[in-house]
Amino acid sequence: MQQIAEEKTTEKMTFAAEEPDSGFAIVGAAYKTFERREAKIRFRDRLKGKPLVSAAILLVIVLGCLFAEHIYNHDPSGFYLDHLNAAPDGEFYFGTDSLGRDIYSMIWYGGRASILIGLMSMVIITVIGITYGCISGMAGGKIDAFMMRAVELANSIPNLLIVLLLVSIMGKQNIFKISIVIGVTGWFGLARIVRSEIRQIRNSEYVLAAKSMGAGFGYLMIKHLVPNLVAAVMFVVISSISSSMSMESTLSFLGLGLPVDVISWGSMLSLANKALLLNTWWVILIPGVFLVITLLCITGIGNYFRKETNRKESVL
């Protein structure tokens, strides 16, 4: 009897040792199915809230623009005078404009210019905004007050008016000029966000330690300040791409953007007045749909980063 009791005690100790740390073990005939179901739920929770649809649609558009040579069916800069304002058909998938150009081919080539303007403007906005905000946040005192009053004064003026003034001064536009104009007039909001973040972390131990060891402002900004700003400014940086693309389209619609011979979604929309008079809806609708979908996808990705930042801050 004593031997049987010892064996039972040994079996209990062995079973307890095999149990998970949680103190519970899943048993039963269908426990494998339950585990698979739990794994699916965890995987679904990880995907929940992520802009997968926006990212997939944006990827398709970007790849179509990059490999436009392989998917176009007409010369995007060619004038098919026998097919002026032709409606969409089997030969011209998206129709033609008032100059006889194939809209389907122009969409993919024009997307390159529009997306490139958005990316170049984003880089300029990010560099100027982060640098200006870091200087203002680290300086403090009268320098900080002066720099922020200057930003508030510039931000009080409608951005479109400043852009129109610079565009009129610079003369004939191209992709690089428009990117510079949009970039140097769109960093004010980012600078204010960066400045507020810098004021919160400038007295942190690692920053004070680096300063005590003789680290310069450039080293502090690159090694300590900017890495701690990425999450906070990611939404603004990504959103600046869509705002830059919409600004280029606005300028082209007003006749102050890219010339008609430079294909972009904005320059395609510059023919909207004629399209309204001639009732050629496809000239306006199709470039507008591509532009709006791209902007919505970029905004959706930016919103995801903003929500993730807010969620992490709430947890901390």
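The model is predicted, so local features require pLDDT of at least 70 and side-chain atom pairs count only at pLDDT 80 or more, whereas totals for chains, interfaces and linings use all residues. Residues are numbered from 1 along each chain as its sequence is written, and side-chain values use heavy atoms, with hydrogens and water left out.

**Overall fold**
- The chain contains 14 helices and zero strands (DSSP runs numbered from the N terminus, with helices being H or I of at least four residues and strands E of at least two).
- Of the 316 residues in the chain, 39% are buried (buried is under 20% relative accessible area, exposed over 50%, partly exposed in between, with a 1.4 Å probe and protein chains only).
- Among contacts (heavy atoms within 4.5 Å) between residues at least 6 apart in sequence, 68% join residues at least 24 apart.

**Salt bridges**
- The structure holds five salt bridges (a side-chain nitrogen of Lys or Arg within 4 Å of a carboxyl oxygen of Asp or Glu).
- Arg112 pairs with Glu69, their closest N and O atoms being 2.8 Å apart. This pair joins helix H4 to the loop between H3 and H4, across 43 residues.
- Asp144 pairs with Arg199 at 3.2 Å between the closest N and O atoms, linking helix H5 (residues 141–156) to helix H8 (residues 188–201) across 55 residues.
- Asp144 counts as buried because its relative accessibility is 4%, whereas Arg199, at 35%, counts as partly exposed.
- Asp144, Arg195 and Arg199 are linked in a network of salt bridges.
- Within helix H5, Glu152 and Arg149 lie three residues apart, about one turn of the helix, and form a salt bridge with closest N and O atoms 2.9 Å apart.

**Surroundings of Ser136**
- Ser136 lies in helix H4 (residues 103–139) and counts as buried because its relative accessibility is 0%.
- Leaving aside residues up to four places away in sequence, Ser136 touches Asp144, Met147, Met148 and Arg195.

**Nonpolar surface patch**
- Val53, Ile57, Trp281, Leu285, Val289 and Ile293 form a nonpolar surface patch of about 530 Å² (residues with over 30% relative accessible area and no salt bridge; like charges are joined within 9 Å, nonpolar side chains, namely Val, Leu, Ile, Met, Phe, Trp and Tyr, within 5 Å).
- Helices H3 (52–66) and H14 (281–315) each supply at least two residues of the patch, and H14 gives the most, with four.
- Leu285, in helix H14, is partly exposed, with a relative accessible area of 44%.

Key
Accessible areas come from the Shrake-Rupley method with a 1.4 Å probe; for residues, only the protein chains shown count as cover.
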